[in-house]
Amino acid sequence: MALKITDDCISCGACEAECPNSAITQGDEIFVIDPEKCTECVGFFDEEQCTSVCPSDACVADPDHQETEQELVTKGKRLNPDKDYSGHYPSKFKS
Ligand code: SF4
């Protein structure tokens, strides 16, 4: 499930630099997450980095973009073709 940023965003920008997939950009009023790029940090970290750093709890799961771990891995491979997903890789699903 990709994440989304709610209206609680205060546009501090803390999340943008932490995203391993460059999925976060500044929108017209608040920051936004591209669901085509968000892998819930699967393959990089065992928890969502944007959620971890957001001071206003504005990065939340988007029920309109539900995905399995395998679907997120497939997306991650497309975004990061040089990354090795064989064997162990960080994932919120494994913790
Ligand atoms: Fe980026 Fe991870 Fe947040 Fe998705 S969950 S937008 S991949 S930092």
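Me: Buried means under 20% relative accessible area, exposed means over 50%, and partly exposed lies in between, with a 1.4 Å probe and protein chains only. Which does Asp-57 count as, buried or exposed?

Reply: Asp-57 counts as exposed, because its relative accessibility is 59%. Please keep in mind that this is a predicted model, in which local features need pLDDT of at least 70 and side-chain atom pairs count only at pLDDT 80 or more, while totals for chains, interfaces and linings use all residues. Residues are numbered from 1 along each chain as its sequence is written, and side-chain values use heavy atoms, with hydrogens and water left out.

Me: Where does Asp-57 lie in the chain?

Reply: Asp-57 sits in the loop between α1 (49–53) and β4 (59–61), where helices (H or I, at least four residues) and strands (E, at least two) are DSSP runs numbered from the N terminus.

Me: And in what order do the elements run?

Reply: Starting at the N terminus, the order is β-β-β-α-β-α, which comes to two helices and four strands.

Me: New topic: how many salt bridges are there?

Reply: A search of the whole structure finds four, a salt bridge being a side-chain nitrogen of Lys or Arg within 4 Å of a carboxyl oxygen of Asp or Glu. One of them joins Glu-48 and Lys-92, whose closest N and O atoms are 2.7 Å apart. That pair links distant parts of the chain, 44 residues apart, with Glu-48 in the loop between β3 (31–33) and α1 and Lys-92 in the segment after α2 (69–79).

Me: Is Glu-48 buried or exposed?

Reply: Glu-48 is buried, with a relative accessible area of 15%, whereas Lys-92 counts as partly exposed at 29%.
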